[in-house]
Amino acid sequence: MKRKKTRLAIFVSGSGTNCENIINYFHDSDSVETAIVVSNRSDAYALQRAKNHAVPTAIITRQQFLEDPSLVLKTVSDCDYIILAGFLVHVPQYLIDTFPNRIINIHPSLLPKYGGKGMYGHHVHEAVKAAGETETGITIHYVNAHLDAGEHIAQFRVALTPDDTPDTIAAKIHVLEQAHFPEVIEGVIRKQEKQ
């Protein structure tokens with residue numbers, strides 16, 4: 001009997017470059033597939049990227065995430081992992097309980113620095129620049145009840161110069177995300193399958 005593939009649900013709120021990178025990475029995989037892309041915003045370009053790859057999509061509003069657990073759980077009922085790729089809704093406890101150590105987020109800083117409420121996207125890069133940091137990076141971590149506070153899976157660093165701007169910092173972060181996020185997801189799946 002053919003072993004079923006590990007199915008990913010990718011949660012997004014924005015343009016979806018990380019989402020598309022993950023879809024592409026696992027496209028020819030024998031063991032992992034992107035089952036669905038879920039967004040809290042109907043205008044998220046990530047939904048179009050998913051459709052371009054024939055990946056099913058769903059729109060679940062922020063309010064529905066918070067108030068309609070049955071809808072959300074039904075949407076991801078046949079998924080094994082939830083991947084947050086620029087998802088700007090605080091993950092509700094019922095999802096964390098249903099997917100223990102199977103919700104993975106990427107954050108554009110070296111947590112615990114520059115994490116928490118309001119710290120996403122360009123806000124992070126502006127804070128890193130304002131603090132005069134000589135390096136920054138990404139943190140890939142499990143999601144728990146506290147914002148950006150779950151157990152770290154991996155961190156990757158990049159050097160900064162005094163000439164870097166929030167835009168150039170964003171570009172450096174983007175390179176790290178594209179290079180490492182899908183591989184780390186694959187590593188987590190392999191490790192958990194052996195347990």
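**Close-up views of the sheet and its helices**

**View 1. Strand β6 in the sheet.** Strand β6 is mostly covered, with seven of its eight residues buried (buried: under 20% relative accessible area; exposed: over 50%; partly exposed: in between; 1.4 Å probe, protein chains only). The model is predicted: local features need pLDDT of at least 70, side-chain atom pairs count only at pLDDT 80 or more, and totals for chains, interfaces and linings use all residues. Residues are numbered from 1 along each chain as its sequence is written, and side-chain values use heavy atoms, with hydrogens and water left out. Helices (H or I, at least four residues) and strands (E, at least two) are DSSP runs, numbered from the N terminus. β6 and β7 pair in the antiparallel sense over seven bridges (two strands pair if DSSP finds at least two bridges between them). Gly137 has Arg157 of β7 as its bridge partner.

**View 2. The whole sheet.** Seven strands, in the order β3-β2-β1-β4-β5-β6-β7, form an open sheet with mixed pairing. β3 (57-59) and β7 (152-159) are the edge strands, each pairing on one side only. From one strand to the next, the twist averages 20° (axes are lines fitted to C-alpha atoms, for helices over the stretch in contact, and angles run from 0 to 180 degrees between N-to-C directions). Helix α1 packs on the sheet and touches β1 (6-12), β2 (32-39), β4 and β5; the direction of α1 makes about 165° with that of β1 (contact means heavy atoms within 4.5 Å).

View 3. Five of the five residues of β5 (residues 103-107) are buried, so the strand is largely enclosed by the rest of the structure. In a regular strand the side chains alternate between the two faces of the sheet. Both faces of β5 are covered: Ile103, Asn105 and His107 are buried on one side, and Ile104 and Ile106 on the other. Strand β4 (residues 81-84) pairs with β5 in the parallel sense over three bridges, and Ile82 stands opposite Ile103. Strand β6 (residues 135-142) runs antiparallel to β5 and is joined to it by four bridges. Across this pair, Ile104 stands opposite Tyr142, Ile106 has Ile140 as its bridge partner, and His107 stands opposite Thr139.

**View 4. Asn105 in strand β5.** Asn105 is found in β5 and counts as buried at 10% relative accessibility. Leaving aside neighbours within four places in sequence, Asn105 is in contact with Leu84, Thr139, Ile140, His141, Val143, Asp148 and Phe181.

**View 5. Helix α1 against helix α7.** The axes of α1 (residues 17-25) and α7 (residues 166-194) come within 10 Å and cross at roughly 45°. That makes α1 oblique to α7 (angles under 35 degrees count as roughly parallel, over 145 as roughly antiparallel, 65 to 115 as roughly perpendicular and the rest as oblique). From α1, the contact is made by Thr17, Asn18, Asn21, Ile22 and Tyr25. From α7, the residues include His174, Glu177, Phe181 and Glu186.

View 6. Thr61 lies in the loop between β3 and α3 (62-67). At 34% relative accessibility, Thr61 counts as partly exposed. Thr61 and Val38 are 23 residues apart along the chain, and their C-alpha atoms are separated by 9.8 Å.
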